[in-house]
Amino acid sequence: MKRFWALAVLALGLALGQGDKLKACFIYVGPIGDAGWTYAHDLGRKKAEAALPWLETRYVESVPEAQALPVIDRFVREGCQVIFATSFGYMEGVLEGAKKYPNVIFAHATGVKRAPNVATYMADFYQVYYLNGLAAGALSKTGKIGYVAAFPIPEVKRHINAFTLGVRAVNPNAQVLVRWINAWYDPAKAREATEALLAQGADVFAFTEDTPTVIQTAAKKGAYSFGHYTPMLKFAPDHVVSGQIVHWDVIYIDFLKKVKEGVYTAKNLQNVDYFWLLQHKAVEMGADYGVPINPKHVTLLQKAQMTVGGKKVSVYDHILALVKDMSSPKPTFDPFTGPIRDRKGVVRIPAGKKATLEELLTMEWAAAGVVGDWPGEPK
Amino acid sequence: MEEALVRAVLFGTPILLASLGALLAERGGVVNLGVEGIMALSALAAFAAAMAGGVGLGVLAGVGTGAVLGAFLGLFAVSLRANQFVAGLALAALGLGASGLLGKRYEGVPLPNPLPEEGLALLALALAALLHLLLYRTRFGLYLRSVGENPRAADLFGVSVDGVRHLALFLGGGLMGLAGAYLSLAYRPSWTDGMTAGLGWVAIALVILAAWQPLRAVLGAYLFGLLFFLQFRLQGSVPIPSEAFAAMPYLLVILVLALSGRTRAPKALGIPFERGR
């Protein structure tokens, strides 16, 4: 009988403990093992759970974009208080679900539509692409830099432009040769696009798609490359110079803390939009975590010179100075600071002005130095 | 242009291998629609084995897995006389799903010592020639073709229809397994879920376009490889949108092979054989 009471108390304790927990649930578009987008979100979820003892999480992976609502229904039945939808295509499902369940808090990654109980969030890489562009410009001997890109959408165009601005800041004559593969995930297309760029003389590579194919292919021919999304140094330890790395956990922890503290409710999210950058530590420049530049390439970048404000400086020093500046609470530098003309000569950002968030999110023009097809290019 | 020809062969190779595997079975009258799943599981098996014991073991594991899966399809499509199309599609889905599930621990890991593509490309070419000889110069080839054209007659002459079909699926599966191994050990030396990305379906289509002839499959696979590469090589230098370019390999291969002669499927293709009916 004693044992029974002990067990009963324990069970009650567990049940109460459970009740205290905030339940956050994640909808993933891909498998968590994709080594890219979904993998990174899941890493963020795990880190948030480890950091917040009062947090309990669940997830469903490989949810087709049209199937968000049934998953939301299920999550709500299971008692989820916060639902993170991690793909752009979940937008309609999320907005519908938010109407249906006005007391549940939703957050939609890369989304552009909000509601009283729907916030949007994004960890953006444009600053990091600019920094990698500086290194690429310094390392290219042929003056041709290859860029394998998924889809011609504003997000990818913004990244190519930022990268190209960086390249041209070091080498004003360099070209960034862009090839669209029209897929987020297609190793064969990424491979052959890289081969095509190698055949055209590109000797440094960057990309926006979800595989390390570009890195492996470029390394075979001795070409440098920059990783994307997750640390990719291990795929070519001698050739990956740096890259873009995401930290979704930073956003997840901040958001969930504010929910727990009652700062965010299901009534006040209409204007809550995270567009987090280096200064928020949501993104990182690096070949690997904590390795901004591959030590094997530091000397090369130290020797390379560029002109900043009329003075000669080493590219390496300039990159580190900008990382420091843009990682500080009040950055003074931004890659999209005018005067910036597009490749047709049209002024896109006037002298002294900085691109607004709206301009960044709707960017269609191509920076000077971009070579290749550019669907949707403004006249 | 030289690099374009190299790419034609190196990217054409996995498609050629898988296509030869499907062709072998189809000449015996069995459609194997499981190519995509067989390639995916073989690619995973090859990668896992290569991580444990080197690329040699990896190739063996890939070929072995493919062959076993080919035989597995035979169990349903030949012995149990199930609908070949349904059984094949089920195998494709099963292979893709199972490889994704089993392969989680290999995601995001590079293969330290990849296999050179050139060696496998030569091997694939040799296998195509060998398959041609097998089909038209050997007794087994005669049996295979007769089983594919008129299994009743072959049966009357004492040929084991089921036996020949089982063997064709087994060997064909091995070729598909080699295609999978090529992907994960040489072409893109790593494993990721879904890395076959539709190449298995291209291989199936190529069998028809190649009129069930191994040497024409070589031509078709290389042509596809060439055009696939050229869509990126020429993107931006000719005023055609990239989306239209992406459709080019498929359209042109169909056009070229359609214009290059009549095609006729093996008469008994897709029909389960039952003695005495």
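Modeller: Two residues are in contact if their C-beta atoms, placed from the backbone, lie within 7 Å. Keep in mind that this is a predicted model.

Colleague: Leaving aside its neighbours within four places in sequence, which residues is A:F275 in contact with?

Modeller: Start with the place of A:F275, which is strand β11 (residues 273-276) of chain A. Neighbours within four places in sequence are set aside. What remains as contacts of A:F275 is A:M122, A:D124 and A:L357.

Colleague: How far apart are the C-alpha atoms of A:F275 and A:A123?

Modeller: Along the chain, A:F275 and A:A123 are 152 residues apart.

Colleague: Is A:F275 buried, exposed or partly exposed?

Modeller: Buried needs 20 or more other C-beta atoms within 10 Å, and exposed needs 12 or fewer. A:F275 has 14. That count falls in between, so A:F275 is partly exposed.

Colleague: How many helices and strands does chain A have?

Modeller: Chain A has 379 residues, and 53% of them are buried. Its secondary structure holds both kinds of element: twelve helices and 17 strands.

Colleague: What radius of gyration does chain A have, next to that of a compact globule?

Modeller: The C-alpha atoms of chain A fill a box of roughly 80 × 45 × 40 Å along the principal axes. With 379 residues, a compact globule would come near 21 Å. The value for chain A agrees with that: 23 Å.

Colleague: Which strands stand at the edges of the open sheet of six strands in chain A?

Modeller: The sheet runs in the order β2-β1-β3-β4-β5-β11, with parallel pairing. An edge strand has a single partner, so one of its sides is left without a neighbour in the sheet. In chain A, those strands are β2 (55-60) and β11.

Colleague: By how many degrees are neighbouring strands of this sheet turned against each other on average?

Modeller: The angle ignores direction. It is an average over neighbouring strands of the sheet, and it comes to 20°.

Colleague: Which residue in β4(A) does A:V82 stand opposite?

Modeller: Strands β3 (residues 82-85) and β4 (residues 105-109) of chain A pair in the parallel sense over four bridges. Opposite A:V82 stands A:I105.

Colleague: Which helix of chain A packs on the sheet, touching β1 and β2?

Modeller: The direction of this helix makes about 160° with that of β2(A). It covers residues 37-51 of chain A, and its name is α2.

Colleague: At what angle to β1(A) does helix α9 of chain A run?

Modeller: Helix α9 spans residues 248-260 of chain A. It lies across β1, β2, β3, β4, β5 (118-123) and β11. Its angle to β1(A) is about 140°.

Colleague: What are the edge strands of the open sheet of seven strands?

Modeller: This sheet of chain A has the order β12-β10-β9-β8-β6-β7-β17, with mixed pairing. Each edge strand pairs on one side only. They are β12 (283-285) and β17 (370-371).

Colleague: What stands opposite A:I145 in β8(A)?

Modeller: Strand β6 (residues 144-149) and strand β8 (residues 204-208) of chain A pair in the parallel sense over five bridges. Opposite A:I145 stands A:V204.

Colleague: How many helices and strands does chain B come to?

Modeller: Read along the sequence, chain B follows the pattern α-α-α-α-α-α-α-α-α-α-α. The radius of gyration of chain B is 18 Å, close to the 19 Å from the globule rule for 277 residues, so chain B is as compact as a globular protein of that length. Its secondary structure comes to eleven helices and zero strands.

Colleague: Which element gives the largest share of the side of chain B that touches chain A?

Modeller: The contact takes 28 residues from chain B and 27 residues from chain A. Elements of chain B that give two or more residues are α1 (2-27), α10 and α11 (242-259). The largest share, four residues, comes from α10(B).

Technical notes: Residues are numbered from 1 along each chain as its sequence is written. Chains are lettered from A and ligands numbered from 1 in the order in which they are written. This is a predicted model: local features need pLDDT of at least 70, side-chain atom pairs count only at pLDDT 80 or more; totals for chains, interfaces and linings use all residues. Two strands pair if DSSP finds at least two bridges between them. The radius of gyration is taken over C-alpha atoms; the globule rule is 2.2 Å times the number of residues to the power 0.38. Axes are lines fitted to C-alpha atoms, for helices over the stretch in contact, and angles run from 0 to 180 degrees between N-to-C directions.
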